[in-house]
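Subject: Structure handover

Hello,

Here is the structure I said I would pass on. Please look it over alongside the notes below.

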Amino acid sequence: MAKVILLNGSPRKNSNTLMVLKECAKAIEDEGVETEIISLKDKNIQSCIACGTCAETGNCTLDDGLDEIIEKIREADGFIPAAPVYFGTARGDIMSALQRIGKVSRGGDKFLDWMVGGPITVARRGGQTLTLQEMTMFFPINGMIVPGSTYWNMVIAGPEGTALEDTGGIETIKLFGANVAKLIKKIKE
């Protein structure tokens, strides 16, 4: 069965970002595609050190739990990372994760080629489009496919637990999730 990995970049237990990913996952599952949400919470994701070991081994030399996530992404058909925007751009750990995931793929078996997905951002105010642009750069450089929706993949949320109040943003995320699933199924036909 086709599968999408959703990566939660929030360090909070019951974050708005997790709420949004659950809505996205439900829309994907409603289309008959399996999902798994993985969190960076409680992980200390390091930045790439450009050692080149991944090109030789197919894995990252840094031992911080990202290799286990990479293995799950390697087996999936879709990948959706989501980041809260706390200070105008994506959190450093999710960007470090994306850079290392891309480096491992490009240096080895190119497992991201033709994978379907795209980023999601959640913020109270500014930084949404900049963060989407920053995260979106990961997809085309890795030969991935990003389907659209009715707007950009962003949800406006303030205090923890308020994400579902942005009904327009949630509808955008649901349609994006459904489009990811539909495109994966088309590719697999």
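This is a predicted model: local features need pLDDT of at least 70, side-chain atom pairs count only at pLDDT 80 or more; totals for chains, interfaces and linings use all residues.

The largest pocket has a volume of about 250 Å³. Its lining is made up of 17 residues, and those nearest the centre are Val85, Tyr86, Ala123, Arg124 and Ala157. Helix H1 (16-30), strand E3 (78-85) and strand E5 (120-123) are the elements that give two or more residues to this lining. By class, the lining of the largest pocket holds seven nonpolar, seven polar and three charged residues.

The second largest pocket has a volume of about 180 Å³. Among the residues lining the second largest pocket are Pro119, Thr129, Leu132, Gln133 and Thr136. The lining also includes Val146, Pro147, Gly148, Ser149, Tyr151, Trp152 and Asn153. Six of the lining residues of the second largest pocket are nonpolar and six are polar, with no charged residues.

Cavity

How many cavities of 30 Å³ or more does a search of the whole structure find? The search finds one. About 90 Å³ of space lies in this largest cavity. The cavity is lined by 13 residues, and nearest its centre lie Cys48, Cys51, Cys54, Cys60 and Lys103. Two or more residues of the lining come from each of H2 and H4, and H4 gives the largest share, three residues. The cavity lining divides into eight nonpolar, three polar and two charged residues.

Helix H4

Helix H4, which also contributes to the cavity lining, covers residues 92-107. Which residues of H4 are buried? They are Asp93, Ile94, Met95, Ser96, Ala97, Leu98, Arg100, Ile101, Gly102, Val104 and Ser105. The cover over these buried residues includes strand E1 (3-8), strand E3, and helices H2 (53-57), H3 (66-74), H5 (128-136) and H6 (138-141).

E1, one of the elements covering H4, is itself largely enclosed by the rest of the structure, because six of its six residues are buried. In a regular strand the side chains alternate between the two faces of the sheet. In E1, Lys3, Ile5 and Leu7 point one way while Val4, Leu6 and Asn8 point the other way, and all are buried. E1 is joined by six bridges to strand E2 (residues 34-39), and the two run parallel. One of the pairings is between Leu6 and its bridge partner in E2, Ile37.

Thr35

Thr35 is in strand E2. Is Thr35 buried or exposed? Its relative accessible area is 15%, and buried means under 20%, so Thr35 is buried. Leaving out residues up to four places away in sequence, Thr35 touches Lys3, Val4 and Leu6, as well as Ala25, Ile28 and Glu29. Thr35 and Gln99 are 64 residues apart in sequence, and their C-alpha atoms are 22 Å apart in space.

Regards

Technical notes: Residues are numbered from 1 along each chain as its sequence is written. Side-chain values use heavy atoms; hydrogens and water are left out. On a 1 Å grid over the protein atoms alone, a cavity is a set of points where a 1.4 Å probe fits but cannot get out, and a pocket is an open set with protein on both sides within 12 Å along at least five of seven lines; lining residues have an atom within 4 Å of a point. Grid points are joined across faces, edges and corners, and a volume is the space filled by probe spheres set on the points. Helices (H or I, at least four residues) and strands (E, at least two) are DSSP runs, numbered from the N terminus. Ala, Val, Leu, Ile, Met, Phe, Trp, Tyr, Cys and Pro count as nonpolar, Asp, Glu, Lys and Arg as charged, and the others, Gly among them, as polar. The expected span of a helix is 1.5 Å times one less than its number of residues. Buried means under 20% relative accessible area, exposed over 50%, partly exposed in between (1.4 Å probe, protein chains only). Contact means heavy atoms within 4.5 Å. Two strands pair if DSSP finds at least two bridges between them.
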